[in-house]
Amino acid sequence: MEWNGRIESFVFLGNFLRDFLDEQVRREDPLFSELEDAVRQSGVMNQWFVRESVEQALRAWTINLQKEELVKWLEPYASQLKDQAPDRNVAVIMAGNIPL
């Protein structure tokens, strides 16, 4: 995947999270049901993950996953990242217990 495609993938994720946090969009779109279940289940499995805290963390990611923010963050590494080896599938694993 090319440089812009990589950035756009994360921008898409940020937009998805932003839409999820919009109450009206969330109710109308069935795509959010799995994320809604995960948010609900996180509070059941760990009582530190109250809905307000999870939503605050998601809001922070929506800010950081904007195109301008990603470009600004990655610009110092652009030459290294653009010349990388062939595409690979990766998983983004984020710790849920680190405060923002």
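A residue is taken as buried when its relative accessible area is under 20%, and in this predicted model Thr-62 falls into that class because its relative accessible area is 7%. Thr-62 belongs to helix H4, which spans residues 51-64. When its neighbours within four places in sequence are left aside, Thr-62 is in contact with Gly-14, Leu-17, Arg-18 and Leu-21.

Helix H1, comprising residues 3-21, also contains Phe-10, which counts as partly exposed at a relative accessibility of 37%. Phe-10 contributes, together with Leu-13, Trp-61, Val-92 and Met-94, to a nonpolar surface patch of about 450 Å².

With regard to ring pairing, two aromatic pairs are counted in the model. In one of these, Phe-16 and Phe-32 adopt a tilted arrangement, with a centre-to-centre distance of 4.9 Å and an angle of 45° between the planes. This pair links distant parts of the chain, since Phe-16 lies in helix H1 whereas Phe-32 is placed in the loop between helix H2 (23-28) and helix H3 (33-45), the two residues being 16 residues apart. As for accessibility, Phe-16 is partly exposed, with a relative value of 26%, while Phe-32 is buried, with a relative value of 2%. Through ring pairs, Phe-16 and Phe-32 are joined with Phe-20 into a cluster.

Definitions and conventions:
Residues are numbered from 1 along each chain as its sequence is written. This is a predicted model: local features need pLDDT of at least 70, side-chain atom pairs count only at pLDDT 80 or more; totals for chains, interfaces and linings use all residues. Side-chain values use heavy atoms; hydrogens and water are left out. Helices (H or I, at least four residues) and strands (E, at least two) are DSSP runs, numbered from the N terminus. Buried means under 20% relative accessible area, exposed over 50%, partly exposed in between (1.4 Å probe, protein chains only). Contact means heavy atoms within 4.5 Å. Patches are made of residues with over 30% relative accessible area and no salt bridge: like charges are joined within 9 Å, nonpolar side chains (Val, Leu, Ile, Met, Phe, Trp, Tyr) within 5 Å. Accessible areas come from the Shrake-Rupley method with a 1.4 Å probe; for residues, only the protein chains shown count as cover. A salt bridge is a side-chain nitrogen of Lys or Arg within 4 Å of a carboxyl oxygen of Asp or Glu. Rings of Phe, Tyr and Trp (its six-membered ring) pair if their centres lie within 6.5 Å; planes under 30 degrees apart count as stacked, over 60 as edge-to-face and the rest as tilted.
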